[in-house]
Amino acid sequence: MGYQGQQPVIPPQSDLDDKELLVSEHKHKEKTCRESAAVFNVVNSIIGSGIIGLPYSMKQAGFPLGILLLFWVSYVTDFSLVLLIKGGALSGTDTYQSLVNKTFGFPGYLLLSVLQFLYPFIAMISYNIITGDTLSKVFQRIPGVDPENLLIGRHFIIVFSTVVFTLPLSLYRDIAKLGKISLISTVLTTLILGIVTARVISLGPYIPKSEDAWVFAKPNAIQAVGVMSFGDLFENYCRNDDLVTFGRFCYGATVILTYPIECFVTREVVANVFFGGNLSPVFHIIITVVIITTAMLVSLLIDCLGIVLELNGVLCAAPLIFIIPSACYLKLSEEPRTHSDKIVSCVMLPVGAVVMVVGFVMAMTNPQDCTHGQEMFYCFPDNFSLTNISVSHSQLTTQLSVVNASTF
């Protein structure tokens with residue numbers, strides 16, 4: 001018999017429809033998962049552990065003025081995003097870097113890249129400092145553990161958490177893969193807020209009120225503008241508080257889980273400036289390791305969180321939020337000078353410059369004390385009454401120094 005060609009088998013239309021439906025559902029599910037991951041990453045990056053540091057900025061500025069500054073910084077941040085969008089539309093660009101490059105050329109692009117690298121990089125250093133200080137107190141509470149053991153010291157904890165947790169998580173190439181990590185971090189942040197609220201109710205009546213607690217404004221208000229993102233609230237609680245110890249553990253875990261997002265930003269800046277936005281697998285690993293190792297080494301040398309946060313706020317955050325978006329819009333926009341956006345931009349630009357310069361000078365000339373590792377005076381009820389609010393600040397400071405000298 002001769003060979004007879006076979007006709008191609010055409011599957012029924014119902015089978016094609018089912019396959020198309022499955023592919024469509026898979027793509028829709030993948031898109032939904034990526035969108036959810038993006039939401040969790042944004043929430044973790046914006047809120048994350050930063051919400052724990054708001055009391056520090058309130059203390060710096062004065063509580064009433066601190067509340068007003070918080071709303072003002074929120075408005076300015078939102079307005080800056082609007083300016084970036086309008087600037088992108090005017091220049092035909094879709095990224096912050098391309099907008100600045102189109103507006104101010106390569107020098108502006110280079111300056112922005114440096115700021116965009118330093119801001120998350122310094123945040124990584126602060127995260128390491130918080131991790132070491134916080135988790136060391138947690139491990140000291142384990143029964144039978146010697147407080148002087150090097151394995152629970154801040155230096156070992158920083159190195160261990162970097163090698164075991166932050167480095168592997170930071171090696172992801174796709175930031176969407178950090179969505180589940182960000183979800184866990186957000187849940188832990190919620191637990192931390194619950195613990196802090198519980199201690200406000202239970203300890204509030206027993207802690208003496210500060211004499212200047214309700215002062216409207218304090219001289220360090222400008223520094224507070226730059227620090228409305230970080231700080232270690234748990235330094236105010238006693239080490240023998242089991243609930244707070246659990247809160248410290250959650251806080252340390254939250255910081256570790258937020259770290260990779262900052263590393264992703266720094267690596268992205270390096271990739272855009274030096275590699276045209278594309279990194280080979282080898283260079284991806286090398287650059288990630290170099291960035292994380294450098295941040296780790298710096299954090300091992302610096303143990304004062306306050307100065308790190310203040311300098312990061314005034315030197316990096318102020319230009320990125322206040323100055324550069326306003327300058328780009330003012331140069332690109334052809335609206336009349338009386339237009340509302342131009343008026344606000346003309347106000348934001350010099351205000352940002354003032355915050356940057358004055359904040360830097362105050363951070364250098366009036367540094368905040370580093371008191372981590374020391375118990376607060378109300379953690380020693382045997383030495384003086386918790387409810388004795390007539391004791392002066394100088395007396396409390398003297399008593400605290402004596403107690404610390406005898407305890408540590």
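In the predicted model, the axes of helix H4 (residues 96-139) and helix H8 (residues 242-274) come within 8 Å and cross at roughly 155 degrees. H4 is therefore roughly antiparallel to H8 (angle over 145 degrees). The crossing of H4 past H8 is left-handed. Axes are lines fitted to C-alpha atoms over the stretch in contact, with angles from 0 to 180 degrees between N-to-C directions. Helices are DSSP runs (H or I, at least four residues). The contact of H4 with H8 involves 20 nonpolar, eleven polar and three charged residues.

Residues are numbered from 1 along each chain. Local features need pLDDT of at least 70, side-chain atom pairs count only at pLDDT 80 or more, and side-chain values use heavy atoms, without hydrogens and water.

The largest nonpolar core has 40 residues. Such a core joins buried nonpolar residues through side-chain atoms within 4.5 Å; buried means under 20% relative accessible area (1.4 Å probe, protein chains only). Met124, Phe234, Tyr259 and Ile324 have the most contacts inside this core. H4, H6 (179-203), H8, H9 (281-301) and H10 (305-332) each supply at least two of its residues. H4 gives the largest share, twelve residues. A second, separate core has nine residues, among them Val76, Leu83, Tyr329 and Met348.

Cys316 lies in helix H10. Cys316 is buried, at 2% relative accessible area. Beyond neighbours within four places in sequence, Cys316 is in contact with Leu115, Leu118, Tyr119, Ile122 and Leu311 (heavy atoms within 4.5 Å). The C-alpha atoms of Cys316 and Met356 are separated by 8.4 Å, at 40 residues apart along the chain.

Definitions and conventions
Angles under 35 degrees count as roughly parallel, over 145 as roughly antiparallel, 65 to 115 as roughly perpendicular and the rest as oblique. A crossing is left-handed if the near helix is turned anticlockwise from the far one by less than a right angle, and right-handed if clockwise. Ala, Val, Leu, Ile, Met, Phe, Trp, Tyr, Cys and Pro count as nonpolar, Asp, Glu, Lys and Arg as charged, and the others, Gly among them, as polar. Buried means under 20% relative accessible area, exposed over 50%, partly exposed in between (1.4 Å probe, protein chains only).
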